[in-house]
Amino acid sequence: MHHMLHIKNGIVVDPKNGINAEKMDIFVKEGKIVEESEVDVKEAKVIDASNKLVVAGGFDMHAHIAGSKINTGREMRPEEMRTVRLIAGKFRASIGRVLLTSPAIGYEYAKMGYTTAFEAAQPPVGALHTHEELDAIPMIDKAALPVFGNWHFVLKYVAEKEWEKLRAFLAWALERTKGFGVKVVNPGGVEAWMYGGNCKSLDDEVPGFNVTPREIITGLIQETENLGLCHSVHLHCNNLGTPGNYQTTIETMKLASKFSNDKRQVLHVTHVQFNAYAGSSWRDVASGAAEIAKYVNSVDNITIDMGQPIFGHATAMTGDAPFQFTLHKLTGSRWSNKDSEIEGGAGIVPIAYLPKNPVHALQWAIGLELGLLIDSDRVVLSTDYPNGGPFTEYPYVMAMLMSKKMREKELERVSPYVQKATGLAAIDNEKTLYEIIQMTRSLPARVMGMDNKGHLGIGADADIAIYNLDPLSIDTANDFEAVYKAFKTSAYTIKGGEIIAKDGELVKEIWGRTFWVDATSNASIEAIDSDLNEMFEKYYSLQRQNYGVEEAWLRKPERLVMG
Amino acid sequence: MPETKEEELTNVICTFCGSVCDDVLFDVEKYKGKKFCKLGSAKFSKKERIKAPMIDGKEVSYEEAIEKAVEILLNAKRPLLYGWASTVNEAIRLGVILTEKVGGVYDQCASVCHAPGTLALIEEGVPGGSLGEVKNRADVVIFWGSNPMEAHPRHPVRYSVRAKGLLIKDRKDRKVVVVDVRKTKSANMADLFIQIKPGYDYPIISALRALVKGEEDAVPDEVGGVSKQQLKELAELMKNAKYGALLYGLGVTQSRGRDRNVENAIKLIQLLNRHTRWIIWPMRGHYNVVGAGDVPAWEVGYTYAIDFSRGYPRFSPGEFAANEVLQRGDCDAALIIASDPVAHFPKASVAHLKKIPVIQIDPFPNMTTLISKVVIPSAMAGLEAEGTAYRMDGIPFRVKKIIDTEYWSDEKILELMLEKVNEKLGLR
Ligand code: SF4
Ligand SMILES: [Zn+2]
């Protein structure tokens with residue numbers, strides 16, 4: 001079943017292993033990358049990769065691909081479903097414009113050379129639903145990040161400085177939700193939303209809890225580190241979508257300064273574009289990207305992802321329920337909201353980014369500024385799908401970051417407001433292919449603590465993408481159209497050693513694994529047993545015994561035990 | 001016989017109504033539930049079952065029945081696969097894929113009850129919350145055209161009326177309002193009952209919107225049988241709530257205005273959120289009717305009335321809802337699962353059903369059994385089969401299997417059907 005592969009004569013770019021456009025062969029056996037001596041070269045299937053770029057499969061570490069948010073989005077927006085991508089046959093029918101069905105999500109990632117994608121916000125009480133949808137996505141490996149920052153247990157333990165209990169709770173919750181790491185969305189602000197409010201600054205008090213976002217974030221970083229999780233706190237900052245918020249973002253980043261970790265960042269700040277606005281109102285809003293970039297580049301314990309908007313349709317869906325209501329008021333668009341037991345909430349609002357709209361153009365420019373100004377081992381490429389737009393346009397972002405010429409061309413069609421409110425036009429930096437591979441492969445894998453992903457070293461998962469692009473001859477600064485086209489559809493996508501897509505056509509439907517993190521041996525769950533009983537009894541609408549997801553219910557779970 | 005102690009009973013999750021009570025118990029020895037309401041107890045008690053799979057009334061094996069069912073589905077130009085609200089997500093998923101493969105029409109019970117709420121969601125979105133939030137925070141709860149005492153008997157106790165939580169420590173902390181065209185049982189438990197004229201939901205909601213906005217002059221002295229004074233009091237009550245919940249039922253979706261009523265109510269809730277916090281949510285009927293819409297949404301993009309005759313899904317309630325398809329005579333076979341359209345559909349629909357080959361999958365015999373060519377009995381989810389179900393607020397539960405049975409689960413039946421279909425279509 002698992003064939004051996006011999007990928008011959010490809011031009012390899014593998015930043016984790018320091019390989020920059022070297023002609024070499026890659027060997028695959030039993031789903032892993034192996035030494036040449038491990039394979040019987042006569043038996044192995046040969047893939048001729050001459051003059052082609054060979055890289056690790058793409059790793060989308062932050063997208064909203066499964067669970068009640070995207071599904072409510074689909075139910076609310078049937079107009080998103082009229083794009084037919086594939087008629088039912090050997091493969092499932094595949095439809096969707098930006099919002100895609102579950103089969104379409106797997107198929108589109110595969111065609112683009114992406115082999116792993118993580119759902120970035122799992123409502124804990126809805127964990128089973130998120131996993132059902134992850135299980136319905138073919139082709140790729142996946143995981144989900146449960147959301148913690150407004151969960152009453154967290155608010156209570158932080159307020160009481162019960163650190164051991166907080167640590168135990170994180171471990172308990174990750175096990176129950178079959179979750180991967182600690183996502184935090186607008187800490188405290190969503191609880192305030194239950195009273196119609198928000199927490200816009202780090203020192204706003206959370207109603208009913210005598211605790212502030214500053215304390216929540218610090219406490220969660222501390223206990224995530226103490227628990228030894230492979231991924232750091234993954235934070236959607238307070239004050240999102242507000243002019244002037246870049247200061248909140250930098251202030252938030254500074255909370256990480258007293259923590260460090262040899263292997264990875266201690267704080268990942270997500271879709272920073274939405275949190276990088278200077279100015280005092282929508283009239284004088286401007287870019288705060290340069291200041292943020294300066295800070296991120298000056299420290300080595302923070303990573304970010306871009307949250308790049310793509311012109312066209314999108315759907316805003318976040319656990320930041322008060323922000324979503326603000327967006328609804330601002331645009332007058334449809335609005336779904338979901339307050340969720342004692343855990344937080346979420347909201348969903350359709351949007352479209354228009355090039356001539358000054359604010360949208362500004363957002364577009366800020367995303368690019370972040371991508372260009374921040375070191376490539378600190379910034380991951382993302383659109384925060386579907387908040388900034390489709391993940392299928394990652395190649396556009398890649399090409400833009402590599403070509404000033406392309407940016408100049410694009411700047412001509414967007415609102416001139418970006419010229420005075422951002423520094424984009426003046427940025428000469430052009431990312432190299434090596435850096436782009438870093439931002440889409442090795443860095444996201446490192447940020448997530450996945451040692452076997454994002455590279456092509458011996459022992460790595462045989463998740464490989466081959467593109468019709470010769471790194472030795474391509475002029476990425478000038479041939480941006482060729483770059484875009486090459487990254488849109490891989491020549492080959494190999495997942496776990498199997499060819500799943502070729503030249504933009506699906507070859508084989510496979511089912512990837514769902515990773516989850518078990519840190520229960522690093523904490524004493526008994527310490528919170530009676531609290532759990534009490535909170536369930538009083539505040540949940542379901543029994544503790546019926547809360548959570550068992551491994552046996554999942555299609556292909558893979559438990560990662562934290563040592 | 002002495003009562004068995006609660007500790008010795010098995011926790012189960014009720015698979016009757018959308019409340020999906022997960023605190024109920026079952027005595028396997030006595031085959032009897034505990035803590036259930038009347039509706040739930042009736043389902044969780046010994047009942048008449050379909051004895052064995054049948055073709056034309058003759059008992060056959062599961063394999064034979066499934067073989068025949070597959071033949072019918074594949075020979076049909078456009079089969080209708082309908083029901084789904086009373087089975088688990090795992091079965092629904094297979095059913096959706098099966099419908100896609102055979103180029104049929106997928107429709108589910110919502111199309112005859114809460115679908116107008118779905119249309120309103122498309123127009124406006126839905127500002128909602130989970131039942132735990134209602135329990136914890138709602139100091140004003142309005143049941144509009146819904147009658148929980150009769151349709152969801154334990155809903156009031158567990159979530160919405162007598163339930164206590166974070167901010168609501170006592171029944172007195174919560175004002176309960178019932179708005180309906182007649183004095184229902186639920187009206188008796190309310191602090192305030194407002195009787196409206198049938199078909200006047202829309203103008204009454206409009207009047208409330210005007211009042212909340214402060215446009216009192218726009219409201220006449222009486223709307224739909226309710227005095228302006230009373231409407232003003234209701235509007236004030238809503239504005240002064242800290243966290244309100246409007247829980248609507250079929251009285252809103254199935255009366256004049258239908259989806260427009262819900263849309264209007266959602267606009268009222270949008271407006272109220274500019275003053276305070278409010279949510280709105282439908283009181284969904286069958287225990288997994290939410291799953292019957294959510295599963296196809298992620299698999300094929302839509303929730304009901306989905307046609308696959310072109311090889312990709314198309315959504316059109318006016319064309320592809322079961323009754324539309326049946327009354328147009330636009331399906332030449334049907335698979336009915338966990339539902340009884342013969343008892344509940346209009347005569348014209350039933351007339352067509354009687355003309356075409358019908359496959360039924362159900363644990364229990366009903367009117368539809370009588371007209372079915374192939375009958376496939378199944379295990380009862382929640383007792384004899386496990387699987388995932390979504391409570392009316394979308395919270396997922398894994399309902400349990402605590403009794404062994406010879407009956408196949410819906411999931412197992414559909415799995416084999418799909419396998420056979422794939423085989424015959426050369427997709428394996
Ligand atoms: S209220 Fe509904 S779910 Fe609860 S016991 Fe009664 S029938 Fe079952
Ligand atoms: Zn996100």
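Visitor: What is the place of A:Asn186 in chain A?

Guide: A:Asn186 sits in the loop between β11 (183–185) and α6 (189–193) of chain A. One thing to know before we go on: this is a predicted model.

Visitor: Is A:Glu30 buried or exposed, and how do you know?

Guide: Exposed means over 50% relative accessible area. A:Glu30 comes out at 61%, so it counts as exposed.

Visitor: How do you know whether A:Thr476 is buried or exposed?

Guide: Its relative accessibility is 15%, and the limit for buried is under 20%, so A:Thr476 counts as buried. You'll find A:Thr476 in the loop between β21 (464–467) and α16 (480–488) of chain A. Leaving out residues up to four places away in sequence, A:Thr476 touches A:Met402, A:Ser403 and A:Val483.

Visitor: Why is helix α2 of chain A called largely enclosed?

Guide: Count its residues: 10 of the 10 in α2 (residues 102–111) are buried, so the helix is largely enclosed by the rest of the structure. Among them are A:Pro103, A:Tyr107, A:Glu108 and A:Lys111. Just after α2(A) comes A:Gly113, with a positive phi of about 85°.

Visitor: What makes A:His62, A:His64 and A:Asp384 donor residues of the zinc ion?

Guide: A donor atom has to be within 2.8 Å of this metal. These residues coordinate the zinc ion (ligand 2) through NE2 of A:His62, NE2 of A:His64 and OD of A:Asp384, at 2.0 to 2.1 Å, so they meet the cut-off. A:His62 lies in strand β6 (residues 58–63) and A:Asp384 in the loop between β20 (379–380) and α12 (394–402), so the pair ties together parts that are 322 residues apart in sequence. A:His62 is buried at 0% relative accessible area, and A:Asp384 is buried at 1%.

Visitor: What joins A:Tyr385 and A:Pro386?

Guide: A cis peptide bond, with omega at about -5°. Most peptide bonds are trans. A:Pro386 is also found in the loop between β20 and α12.

Visitor: How many nonpolar residues does the shell around ligand 1 have?

Guide: By class, there are 8 nonpolar, 2 polar and 1 charged. The residues around ligand 1 include B:Cys14, B:Phe16, B:Leu39 and B:Arg154. The space that ligand 1 takes is the second largest cavity.

Visitor: Why is B:Gly244 called buried?

Guide: Its relative accessible area is 0%, and buried means under 20%, so B:Gly244 qualifies. B:Gly244 belongs to strand β14 (residues 243–248) of chain B. Setting aside neighbours within four places in sequence, its contacts are B:Asp139, B:Val140, B:Arg277, B:Trp278 and B:Ile279.

Note on methods: Residues are numbered from 1 along each chain as its sequence is written. Chains are lettered from A and ligands numbered from 1 in the order in which they are written. This is a predicted model: local features need pLDDT of at least 70, side-chain atom pairs count only at pLDDT 80 or more; totals for chains, interfaces and linings use all residues. Side-chain values use heavy atoms; hydrogens and water are left out. Buried means under 20% relative accessible area, exposed over 50%, partly exposed in between (1.4 Å probe, protein chains only). Helices (H or I, at least four residues) and strands (E, at least two) are DSSP runs, numbered from the N terminus. A residue is near a molecule or strand if one of its heavy atoms lies within 4 Å of it. On a 1 Å grid over the protein atoms alone, a cavity is a set of points where a 1.4 Å probe fits but cannot get out, and a pocket is an open set with protein on both sides within 12 Å along at least five of seven lines; lining residues have an atom within 4 Å of a point. A molecule sits in a cavity or pocket if more than half of its atoms lie within 2 Å of its grid points. Ala, Val, Leu, Ile, Met, Phe, Trp, Tyr, Cys and Pro count as nonpolar, Asp, Glu, Lys and Arg as charged, and the others, Gly among them, as polar. Donors are N, O and S atoms within 2.8 Å of the metal (3.2 Å for Na, K and Ca); water is not among the atoms, so sites may look incomplete. Contact means heavy atoms within 4.5 Å.
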